[in-house]
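My notes follow the display.

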Amino acid sequence: MLFLITSFLLSETLPEDKRLDTGIAGSFKGIGSVVSQRRFTMFLISAAMLQLPMMAYLSASSYIYQNYFGLSATGYSIYFAATAVVSGLGPWIYLLLRRKDPASVTYGVFAVVLISGMLIAAIGHMKPIMFALPFAPIMMMISFSRPFATTLLLNMIEKNAVIQRRPKR
């Protein structure tokens, strides 16, 4: 609530001649035109779905490590911290691959997640390390995919916005 109130205190940074004169209804219409683009929407849904394994890990990992594998809270924390450190590598990998073909990168991300998921299903029940090692690449790909997907989606919107832009007169 504090952020919402604070947002009303912010001033517009665009010069008067660059501002759009469409109002709130025009803004929602613009969102509707972007979301109606099948390519944009399908990629948005795919990128959002890629976040699900991370949310599942965050919600269930303490139970899995402590109740299934019998680790202490400290033991669980070590595995959780190691996974977090590996996930921190994702944005750095994005910086290395950002100029590559987006389609190839997208297929690569999903391939790594799929293979890691199959490894978790096959060997993840054996030992905590056998659960953590295949899950680490998933977390890395998820953290990689956030800046990657955001960049692609914003580029799609920018192309659409340039076509539809009507400056304020």
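**Cavity**

I find one cavity of 30 Å³ or more in the structure. The model is predicted; local features need pLDDT of at least 70, side-chain atom pairs count only at pLDDT 80 or more, and totals for chains, interfaces and linings use all residues. Residues are numbered from 1 along each chain as its sequence is written, and side-chain values use heavy atoms, without hydrogens and water.

A cavity is a set of points on a 1 Å grid over the protein atoms alone where a 1.4 Å probe fits but cannot get out; lining residues have an atom within 4 Å of a point. I read about 60 Å³ for the largest cavity. I list its lining as Phe 43, Ala 47, Leu 50, Thr 106, Val 109, Phe 110, Ser 145, Phe 148 and Ala 149. Two or more lining residues come from each of α3 (38-49), α7 (102-123) and α8 (128-164).

**Helix pair**

I looked up α4 (residues 52-68) and α5 (residues 73-87), which pack at about 140° with axes 9 Å apart. Contact (heavy atoms within 4.5 Å) involves Tyr 57, Leu 58, Ser 61, Ser 62, Tyr 65 and Gln 66 of α4 with Ala 73, Tyr 76, Tyr 79, Phe 80 and Thr 83 of α5.

Note on methods:
Axes are lines fitted to C-alpha atoms, for helices over the stretch in contact, and angles run from 0 to 180 degrees between N-to-C directions. Helices (H or I, at least four residues) and strands (E, at least two) are DSSP runs, numbered from the N terminus. On a 1 Å grid over the protein atoms alone, a cavity is a set of points where a 1.4 Å probe fits but cannot get out, and a pocket is an open set with protein on both sides within 12 Å along at least five of seven lines; lining residues have an atom within 4 Å of a point. Grid points are joined across faces, edges and corners, and a volume is the space filled by probe spheres set on the points.
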